[in-house]
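Please look over the model below before reading my notes. They go point by point.

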Amino acid sequence: MSILDALDADDFEQLTLVRDPESGIRSAVAVHDTTMGPALGGVRMRRYPSHADAVRDAMALARAMTVKSALAGLDLGGGKSVIDAEPTRANKDRFLPVHARHVASLGGRYVPGADMGTDAADMDVLAKHVPVVSSRRDPSPFTARGVLRAVVATLEWSGTGLEGRRVAVQGLGKVGRSLVGLLRDAGATVLVADVDDARVREARDVAGAVPVGVGEILTADVDVLCPCAAGGVLTPAVVDGLRARALVPGANNPLSGDAVAAALHARGVAHVPDFVANAGGVIACEAEVHGCDDGIEAKIEAIGTTAVAVLDAAARRGTDTVAVAHELAAERLAARAAGRPAFPAVV
Ligand SMILES: NC(=O)c1ccc[n+]([C@@H]2O[C@H](COP(=O)([O-])OP(=O)(O)OC[C@H]3O[C@@H](n4cnc5c(N)ncnc54)[C@H](O)[C@@H]3O)[C@@H](O)[C@H]2O)c1
């Protein structure tokens with residue numbers, strides 16, 4: 001599908017393509033939907049095979065943010081931006097201020113945050129040009145807490161608790177490392193894997209985790225699997241070999257394709273979609289934007305409620321949880337749109 005066709009098919013509000021011969025930047029800002037509020041989403045910086053791939057990635061990620069924020073009950077829409085370049089120091093110095101000026105020209109419709117290739121220090125650079133920026137506080141611990149909430153809710157839904165259960169965590173970065181500690185504190189036995197041996201040793205020595213080979217973690221004999229590394233890891237072959245009875249991802253887009261959700265359903269795996277389970281980060285970003293942390297705990301708690309609602313509806317209707325979750329998000333957006341004012345700039 002061409003990019004213009006995808007704009008129509010997925011109902012995008014706005015796509016900004018940035019090309020500046022002086023700096024050499026090629027970037028894009030996708031504002032998918034501002035029904036619920038300003039479109040918040042990260043600035044991803046990586047080299048793509050082509051500029052078209054970069055634009056498509058921004059669009060897919062922006063659309064996912066609309067669903068994630070709607071299901072988390074946030075006053076945020078869905079957006080994402082990408083800078084098509086390696087995230088080196090030199091590229092950041094050259095491109096971030098230019099990208100920031102284009103983001104600023106959107107008048108608050110898009111609120112940037114950190115993502116793959118960018119961090120809190122980069123958000124400080126953007127904040128010199130853009131009035132509202134998120135992720136200057138690391139959202140990862142909040143993401144991990146939301147994943148833990150979804151794990152507990154899923155086990156309770158299955159008639160059991162976390163104490164004494166076995167949980168596999170793939171990836172020991174900002175989210176995975178935090179999650180391992182939370183699971184251990186809740187009485188779970190945690191199996192871990194990472195391509196970085198130092199991170200595995202730290203999880204073993206500090207959190208008492210059990211190391212497993214990177215090739216075995218996804219099909220380990222556990223109650224719950226929590227992928228917290230790259231996307232696309234749940235392929236049809238992995239699903240065939242899956243021994244976990246529940247899948248609760250920290251990672252974005254962990255399924256390799258749409259058919260995988262149906263395969264998980266067919267195998268009877270209790271699957272909480274990533275955009276439900278890992279919403280703790282965007283919940284923290286919303287609080288940051290509003291300058292008030294008061295609602296964070298309740299919203300993270302509600303991740304469990306949403307997970308159960310989605311598992312229940314999927315079981316009742318004999319369909320997969322991803323389809324059900326998308327429908328629920330669409331219902332919430334339609335309800336808000338019914339009395340919707342045109343979205344003004346944030347602040
Ligand atoms: N940070 C957040 O708040 C947040 C919020 C929502 C979603 N996510 C998603 O969660 C995932 C992890 O995010 P993060 O911020 O922890 O990233 P990170 O870069 O800090 O950590 C990723 C970890 O995965 C490891 N890894 C990579 N490939 C692996 C493999 N094949 N097997 C085992 N380990 C592997 C890396 O070595 C690294 O330790 C990403 O998919 C991200 O998009 C993060």
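Predicted model: local features only at pLDDT ≥ 70, side-chain atom pairs only at ≥ 80, totals over all residues.

1. Residues are numbered from 1 along each chain as its sequence is written, and side-chain values use heavy atoms, with hydrogens and water left out.

2. V269 sits in the loop between helix 9 (258–266) and strand 11 (270–271). Helices (H or I, at least four residues) and strands (E, at least two) are DSSP runs, numbered from the N terminus. V269 counts as buried because its relative accessibility is 11%, and buried means under 20% relative accessible area (1.4 Å probe, protein chains only).

3. Leaving aside residues up to four places away in sequence, V269 touches L242, A244, R245, A246, L247 and L264; contact means heavy atoms within 4.5 Å. L242 is 27 residues from V269 along the chain, and their C-alpha atoms are 8.9 Å apart.

4. T154 belongs to helix 5 (residues 140–157). With 1% relative accessibility, T154 is also counted as buried. Its contacts, not counting residues up to four places away in sequence, are A246, V248, A270, V272 and L311.

5. Which residues of helix 13 are buried? They are T321, V322, V324, A325, A329 and L333. The elements covering them include strand 2 (25–33), helix 2 (51–71), helix 9, strand 11, helix 10 (274–277) and helix 12 (296–317).

Key: Buried < 20%, exposed > 50% of the residue type's maximum accessible area, 1.4 Å probe, protein only.
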